[in-house]
Amino acid sequence: MAESAVSHSHPLDTMLAVSDVIRNDRLAQLYARVLELDSPTVEELSEGIESSTTTIYEDVKHLVEIDLLERVTETQPYRYRASQVDMTIQTSEETFKITPTLLVALAERQSNENISLYIDRHGVSGLATAIEYARAYTQAKMNARIMAREQDIPVLETETILQELQEIILEAEPDISTSVDIEELDATIDERLDE
């Protein structure tokens with residue numbers, strides 16, 4: 001079952017649109033860059049992306065058509081804003097959250113060797129799961145040993161991906177709480193290690 005937070009879109013349409021971005025690195029990079037720049041024009045988007053302005057214009061037009069970007073100005077040059085994606089996909093065994101953070105992490109795979117290697121080994125679903133752990137890691141609610149044990153992955157690999165994803169989360173989710181309650185953290189970790 002999938003639920004969507006993209007306005008005016010049927011959940012199935014949103015799932016297909018997000019799938020389009022997940023499979024296309026250039027679209028993921030554009031979506032991430034719109035989030036980063038906060039309402040950029042096509043010309044502003046083209047700085048730092050190795051594609052022609054025409055290609056970027058066509059990609060932006062496509063992202064607007066599938067409701068992942070919206071035009072926020074009425075006069076040229078148009079400015080664009082990223083739609084919030086908050087989708088949960090549930091299978092018979094697992095649940096995955098698709099958020100802007102996942103799309104930003106996917107956009108990083110071209111320039112970040114650790115994220116690229118992690119996706120090669122564990123797939124996009126594994127990256128989505130790692131982001132959930134990284135969110136808890138960023139909030140000091142768990143550590144790499146817990147993820148390593150629960151996901152059956154070497155501790156060094158979990159520590160590496162958690163640190164990479166923590167940087168993305170802090171940028172993509174600036175409102176995330178990072179205050180630490182040491183007693184609560186110790187109790188949570190002890191409880192999870194005892195399970």
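Guide: Happy to. A search of the whole structure finds 9 salt bridges, a salt bridge being a side-chain nitrogen of Lys or Arg within 4 Å of a carboxyl oxygen of Asp or Glu. Before the pairs themselves, a word on the source: this is a predicted model, where local features need pLDDT of at least 70, side-chain atom pairs count only at pLDDT 80 or more, and totals for chains, interfaces and linings use all residues. Residues are numbered from 1 along each chain as its sequence is written, and side-chain values use heavy atoms, with hydrogens and water left out.

Now the setting. The chain has 9 helices and 5 strands, which are DSSP runs numbered from the N terminus (helices: H or I, at least four residues; strands: E, at least two). Along the sequence their order is β-α-α-α-α-β-β-β-β-α-α-α-α-α.

Asp 86 and Lys 97 join their side chains in a salt bridge, at 3.2 Å from N to O. This pair links distant parts of the chain, 11 residues apart: Asp 86 sits in the loop between strand 3 (80–82) and strand 4 (87–90), and Lys 97 belongs to strand 5 (residues 95–98). Asp 86 has a relative accessible area of 37%, so it counts as partly exposed; the classes are buried for under 20%, exposed for over 50% and partly exposed in between, with a 1.4 Å probe and protein chains only. Lys 97, with 31% relative accessibility, is partly exposed.

Next come the helices. Arg 121 and Glu 157 form a salt bridge through their side chains, at 3.5 Å from N to O. Here too the pair links distant parts of the chain, with Arg 121 in helix 6 (residues 113–138) and Glu 157 in helix 8 (residues 155–172), 36 residues apart. Glu 157 has a relative accessible area of 15%, so it counts as buried.

Arg 135 makes a salt bridge with Glu 132, and their closest N and O atoms are 3.0 Å apart. Arg 135 is buried at a relative accessible area of 16%, while Glu 132 is partly exposed at 32%. Salt bridges that share partners join Glu 132, Arg 135 and Glu 173 into one network.

Arg 71 lies over the face of Tyr 78, at 3.9 Å from the ring centre; the test asks for NZ of Lys or CZ of Arg within 6 Å of the ring centre and within 35 degrees of the ring normal.

For contrast, look at a residue without any solvent exposure. Leu 106, found in helix 5 (residues 100–108), is buried at 0% relative accessibility. Leaving aside neighbours within four places in sequence, Leu 106 is in contact (heavy atoms within 4.5 Å) with Ile 22, Ile 119, Val 124 and Leu 127. Leu 106 and Asp 25 are 81 residues apart in sequence, yet their C-alpha atoms are 7.3 Å apart in space.

Stepping back to the whole chain, 42% of its 195 residues count as buried. Among contacts between residues at least 6 apart in sequence, 61% join residues at least 24 apart.
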